[in-house]
Structure formats: structure tokens, C-alpha cells
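User: I am new to reading structures, and I would like to learn how to go through one feature by feature. Could we begin with the way strands are paired?

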Amino acid sequence: MYWAIWVGIVILCLVLQTVYGNIVTICGIKPDFLLVIIIFFAFRRSTFESGIIGFIAGILQDSLSGDILGINAFTKLIMGLIASTIKKMYAENLISILLSIFVLTLVQSLLIFALQSIFVKSVVEISTMNRILLIALYNTVIGILVFPIFHNAKRGEE
Amino acid sequence: MTSFFWRHARTNVIVVLLSISILLMTTHTSLSIGYLKRGIMNTLLPFQLLGAQIKFSAQDFFSAIQELQSVREENRRLKEEKRQFSLERRQWQEALSENKRLKNLLNYQRRIPYETVAARVISYDPSNWANTIIIDKGEKDGIYRLAPVVTYQDGKEGLVGRVIGVENHSASVLLLHDQNSMIGAQILRSKDKGVIEGDNYRFCKLKFLPYDAEVVKNDIVVTSGDGGIFPKGLFIGYVVRVGLKDRGLFREVDILPFVKFSKLEDLLVIINKEIYKSTFKKEEKDYLTITTMNGKGNQ
């Protein structure tokens, strides 16, 4: 049941990102809801589970994206693992989560660009770096908005 | 080997998944990968359709609200425009009606063989027991006391009354149907003469008509010209009731004036220099007589 809820949340985020993407786009930048959700998940579940949910989210995203199939599955799996590892070092609070979201967004974007440059020879430009920073900021803002929901949900679970 | 795998099952699963991801990336252009992608896409399609449906419904809802606001705004604007148009239309109709009225009056003015001064009604008598009007032309415009006033109204010309008081730029007119108004008149058809007297209401009475006068209902009555104030032949009204012949020396006839006194607007004051001179002389003579008498009295 727990997994069903989380897969449901992942699908919901995916729908939000694909169907409502144009609504939440600011200056051509849309947030990565899935990454934010994976980080929240990773902060309360094991590394293994975080990796699994990252993979599922990524493979679903890849299926709906024109990007290379597996690129998001790979990066989100990695992000799940890293976030879950960070959790072991820092307690779950707003600052640690927001910092994780910001840093992991940067890492994920760089990883994607690295993989893209390997598989499709894309070139990373300075404007792309600015774009990555903005995505990281946007994701952090989304993290601020989402944090109370997950915080209350966790209290309910306890 | 198997026991090693199960001992590190979780790590191995992760490694497997990472390997699958890398495999997918390396073979992302292959046909079988395309099938896999399409399969996942088809699985997610219902969720996307549901999301899109919710989005469209929300968009429809908000656009309906926006539309309602714009419709409300448009409605307000149209109401204002309608009010403006109806106001302009009313002004236009008034101007048209005035133009028509003045054109008729001008034609009438050209037809009558007297010099006339066009005037407008400024005010009506506030009393129920007197029927006078004030016009916007006075002595400075050549108006004199006792000058006849006529008009052209609804396709009919008719006598309105006479000037009874003159100021520099205005004059009072005693209307035909006032009880103090007495005008020499005659039946147009038979030439039988009498005196028109007002009744303060709608009708006038043609009095002093000879007992054997030929008069029937709808006979037209005009001024007789007797007395020298009103020129002969000005239309007054038509007979609506003829008195019985059974007794007395005269017959009494009820006349309905052609002019509707409640709708008076534009008038013509007939200027007859001869009458003016004679009237002025008479008034001057009367004035001198009175002054002389008073002077004598004082002496």
C-alpha cells in the first residue's frame, strides 16, 4: 500500500510535469517535481528503496520524454541513493532538504549533460549552466512549498 | 555465488537497475527499446488524459469566469452606448421634428400676404383662468400691441390670438380661446358674420351670428377683418355644434380652433404697418386725452 501511494505520487508528479508543465513554466524553466519527490522519499526510506523509486520515476519520465531512454532512470536512481545517503548525515529538516534539492538538482543536471555528451554529443554552454542554476532554484522553491505537506504526512504516519 | 547475490541482494538490484539504465541509454535507438518506451507511454496515457481533462475543465472554468467578466463589462458598455444612442436619437428626432415644423412655418410665412415676425413660445400662463403665452420677440423686433398671431401646426394654419403686452424683447399673447378674447369672424362658406369668444377651455363660441345664418357642422370659420386689427381670412377653426333656431335673434355656434394651444411652439406675428400706425395713433390719442383730462382735473 505504501508503495502504491508513492508510485501514485510519482505518476501524479509526472502528469503535473507533462500536462501542467506549460502552466508552471517560468522564463522557459519548469521544475523537476519528480526529483523533489524522490529526495523527500529518500529522506524517510532506505537507500535501496530510494534507488528503486528513483529508477521507476526516471524510467517513466524517460518514456514520456524525447530524451534518451534510461538517462533519467539512471540519474534519478543515483539521486535517490545520494539523497538517502545524505539523510544519514543530516537530520530531516527544511534546510537540509532544501540544500539537498538544490545541490542534487545541479548534480543531476550535470550528470544528464555528461551522459548526453557521451551518447548524443551535446555541448554544454554557459547559458546552459545558468539554466541549470535556475532549475535548481525553482526546485528549491517547490521544495519549500511541498515540505509542509510531507512533514505533516510524516507526523500522521508516526 | 548464489548465496553471495542474495547476501547483497539490495546492492545487486541497484547495480542491475543501473546497468539496465546504461543498457537502455546505449541502445536507445533500437526497435525493441522503442516498443518498451511505447508500452510505458501507453500505460501512462490514461493518467495523462485524466490530468489533461482536469486541466481543460479548470481552463474552461476560468475562461468562463473571464468571459463572464468580459460579458459583464461589454454589457455595461453596451448599456452606456444604448443610452447614448437613445439620447442622440431623441435629439435627432427633436431636431427633425423642429426642422419639419419650421419648414412648414416658413412655407406658411411665404404664403400669407403680410409681413411677419417668427417667434417662439417662452412660457405659458401659470393660471387656470387665463390663457396667455409669452413669446421671445418684442418691440425691438417690430412687435406691437394687438398684433395678430398665427401658426402652422400639424399641416393646418390657424389663428393663435393677439399681442396684449409688449416689452423690448418679449410680448404677451392672449390666446384665442381665452374668455376675454373677442374677434370678428365669419363662416367661410356663407359669409355670415359673428364674434368669436373664448371659453377658457378647448372651444370658442361664435356669437351674434344672425338667426337665419347658413351654418352647418364642419363649416370653416375665418376672421372677418372687421375692427381692423385682424386681417380678413385668417383661419380660426371649424364648427362642431350649431345652436337651435328656436328662439332669440342670434344663433350660437361652437367652434373648435385649428390650433392646439397646448402644443404651441413656433409662431408668426403679423406686422401690419397700417394697423400699427392707427393703433399707435389711437393709443397716443387716448393717452393724450387721459393726460389732458387728468391735467384738467388737477387744475
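Analyst: Let us start with one pair: strand 10 (chain B) and strand 11 (residues 250–257) of chain B run antiparallel and are joined by five bridges. Helices (H or I, at least four residues) and strands (E, at least two) are DSSP runs, numbered from the N terminus, and two strands pair if DSSP finds at least two bridges between them. This is a predicted model, in which local features need pLDDT of at least 70 and side-chain atom pairs count only at pLDDT 80 or more, while totals for chains, interfaces and linings use all residues. Residues are numbered from 1 along each chain as its sequence is written, and chains are lettered from A and ligands numbered from 1 in the order in which they are written.

User: Which residue stands opposite V239(B) in strand 11 of chain B?

Analyst: In general, strands of a sheet pair through backbone hydrogen bonds, either parallel or antiparallel. Here the residue opposite V239(B) is I255(B).

User: How many bridges join strand 9 of chain B to strand 10 of chain B?

Analyst: There are three, and these two strands are also antiparallel, with strand 10 of chain B covering residues 235–242; V222(B), for instance, has F235(B) as its bridge partner in strand 10 of chain B.

User: What is the pLDDT of chain B on average?

Analyst: The pLDDT is the predictor's confidence in each residue, from 0 to 100. Chain B averages 82, and 87% of the residues score at least 70. Among the elements of chain B, strand 9 (residues 220–223) has the highest mean, 94, whereas helix 4 (residues 273–298) has the lowest, 51.

User: How many residues does each chain give to the contact between chain A and chain B?

Analyst: Two residues are in contact if their C-beta atoms, placed from the backbone, lie within 7 Å. By that rule chain A gives 23 residues and chain B gives 19, and helix 3 of chain B supplies ten residues, the largest share of the side of chain B that touches chain A.

User: Why does I9(A) count as partly exposed?

Analyst: A residue is buried if 20 or more other C-beta atoms lie within 10 Å of its own, exposed if 12 or fewer, and partly exposed in between. I9(A) counts as partly exposed because it has 18 C-beta neighbours inside 10 Å, and I9(A) belongs to helix 1 (residues 2–19) of chain A.
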